Amino acid sequence: MDVIGKGVIRKDAWDKVTGDAKYTDDYQSVGMLSCTKVISPYGHARITAIDKTEALKIPGVRAIIAGEHFPLTGEAIRDRPPIAIDKVRYHGEPVALVVADTPSQAKKAANLVKVYYELLPVVNSPTQAFQKNAPLVHEELGEYKKEEDSHSIPGTNIASLTKIRKGNMEKGWSESEVTVEASYSFSPSDHAAMETRCSTCEISRDGTINIMTSSQAPYMVKTLISEYFGEDIGKIVVHTPFVGGGYGGKAPVQLEILAYLASKAVGGRPVKVFNTREEDIITSPCHIGLDGTVKIGADRNGKIKVMEILYLWDGGAYSDKAIDVTRSGAVDCTGPYNVENLWCDSYCMYTNHPYASPYRGFSHSELSFVIERTLDLLSQKLQMDPLELRYINAIRPGNTTPTRVPLNKSNLGDLPHCIEKVKHLIKWEEGPIKEINERFVRVKGVSCSWKTSTIDANAPSGVTLTFNRDGSINLMSGLIEIGTGTKTVLAQILAERLKMDVDKIHVRMEVDTQTMPEHWKTVASRGTFMAGRATLNAAEDVINQLKEVASCVLRAPKEDLEVANSRVFLRDDPSIGLHFKDIGYGYKYPNGNAIGGQIIGRGKYILRHITKLDPETGAGKPGPEWSVAAYGVEIEFDRKDYTYRLVNAAAVVDAGRVMNEKTALGQVMGAMSMGLAFAGRETFYFDDLGRVLNPQLRTYRPLRYGENPNYLVDFVENPQIDGPYGARGIGELGLMGMPGALGNALSIAAGVSLHNLPLIPELIWKAKEKQ
């Protein structure tokens, strides 16, 4: 490999390090208006009246949108009004939109919109929502339009139920000699992307709807606005420039709808809707919460015989993407272990919390915390090394997934190899506990994880390649550059296949849905896999066209030609050939005649053999492959005040093939940092009215600079046959096992089993006091 695996400098690096990179909020057109949201101060309340009188007197106010019935929105279930009508269901929900000439005018008027509320009982957790006498978040659940794989139960707070049934539970329990059972809980939290969400919309006189948005899914914006409002999909054009982090939070469609409604209210003029940090935390979709219970049976040698699992997910006020997230949590519910006898119910519950969206890992860091903590409890009961217990039960080729998909060396990563590597990386042989003195102790915790990408069965990806007159190539893909460097990897894939200099490949970063081929969504670690396959397909198209022209000019059959170093030449005599610049725009003979024309390559890829799940058993193939990883965390714990310092964090990921060494390391380390922040710092605190008490970065605490541990990262390269050059998705894997490993280390250090996140000193102290 000449390019694959090397640390190629990212195509977007120069723009970003110089500050030239432009994000959605950096774009401002002449006459663009500003839109400010009026948001609910309560978690659950009936709207009794809205008074816009004083707000309309503010100079510059062009429109106030409130109290109007618009079509219900939502991906899995159409249950969400774009602007609250009749009642509010979460703190931060938009109640009105104020459109004015300037942001300050819009803000001033928004503060004068008077909304009168009648408080309603609040559903403050998924466990509470599950109770028979719980207040209903959606009384009309049975009347909503929904997708066929959304299994809601009218008259309850159950937005959807995914069942997984495998094997024989009676047999599993009869073969079990040791059992452990435990429950876990954590609240929703935020994605905390550096760029807050932002969208603009302008509707031209011919009806064209131009939207610019910081989104991971511009083609979904186009599709859903067409479906919701009956607009001609061909007249909806979505632009997405650089996106300053997404982590799943920018996959749902929300602000785009508000921008569209605001523009429509002012005759199509351009309008910008921008989230302040507080609005980004509470108004837009958040990271899902979970109450989970798991019971495991095993024999005395540590072999798991049976699992019984109940997941109650905090989907928040509206189902939107939460149903997909909870389904994903069901299909991989056991963690990366071979479990022949399994019962799992995964519920998406309505609560009066901000509604949930995907979060890096798509439910897997959450379920991994539940499973990995319980495995440590099992290892303690068996008096067995926790890494050995995981090695014995590690999922392997020949096993089947919870949804009964047969696994092989290609569609399953090599978890035993990952465990072996992480064992050496964290120096496990030195022992998991090291006493420093009477006050301080160093402890190591371990975990594992796996993931398949549960995405649409017909999810497409396309790539087009066009030649420039100097022989360089333009690469265009609907993939969003959200900081992952994936578009650079596409250039590497193309350069490798064409055997050319990667610097001669120009990648267009901004996405325009009218001119660029569709990539379903930039989510689920599918960018390299799907767009990479499409790139290889486009490369074959280009090679064929190059050879067709060169065959005529060189008077040689196509099969005798080779492509490399930006040339097409005779395989047996490389001195006879043509440069790309001579044929990329057609070839001109000495007498003036010409053949060919600009070479335009096209490539496409669509997932294959993905099936829906059986609603009663969960049987089906939800994703293309299962990626795996093993983890270790070492902490220094203070027995006196229950504080701790992160010393080392390790992750070994089966990457299939490392495509770009530097970006792969950056991806995994960044994900590890997010996982440790989620586990040890980040959460929403709710009061009795369902209000988020910490909606600013002063009180909502991601991991700060200087709090990071020493990151230790390694890879296993077990190629995935159908992946581009054997690559597997790795963008999420660094995160998923961090909460479990940190929880296991702290439980040992504190001498108490910890079952709640985030793992802050106060929580550890409370657990000790309770013990």
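In strand 25, Arg567 is the bridge partner of Ala564, where strands (E, at least two residues) and helices (H or I, at least four residues) are DSSP runs numbered from the N terminus. The model is predicted, so that local features need pLDDT of at least 70 and side-chain atom pairs count only at pLDDT 80 or more, whereas totals for chains, interfaces and linings use all residues. Residues are numbered from 1 along each chain as its sequence is written, and side-chain values use heavy atoms, with hydrogens and water left out.

Strand 24 and strand 25 (residues 567–570) run antiparallel and are joined by 4 bridges; two strands count as paired if DSSP finds at least two bridges between them. Together, 3 strands form an open sheet in the order 24-25-26, with antiparallel pairing. Because strand 24 (561–564) and strand 26 (577–579) each have a single partner strand, they stand at the edges, and one side of each is left without a neighbour in the sheet. From one strand to the next, the twist averages 15°, angles being taken from 0 to 180 degrees between N-to-C directions, with axes as lines fitted to C-alpha atoms, for helices over the stretch in contact. Helix 13 (residues 527–554) packs on this sheet, where it touches strand 24, strand 25 and strand 26, contact meaning heavy atoms within 4.5 Å.

Elsewhere, helix 5 (residues 218–229) packs with helix 6 (residues 255–265) at an angle of about 55°, their axes lying 11 Å apart. The contact is made by Val221, Ile225, Tyr228 and Phe229 of helix 5 and by Glu256, Ile257, Tyr260 and Leu261 of helix 6.
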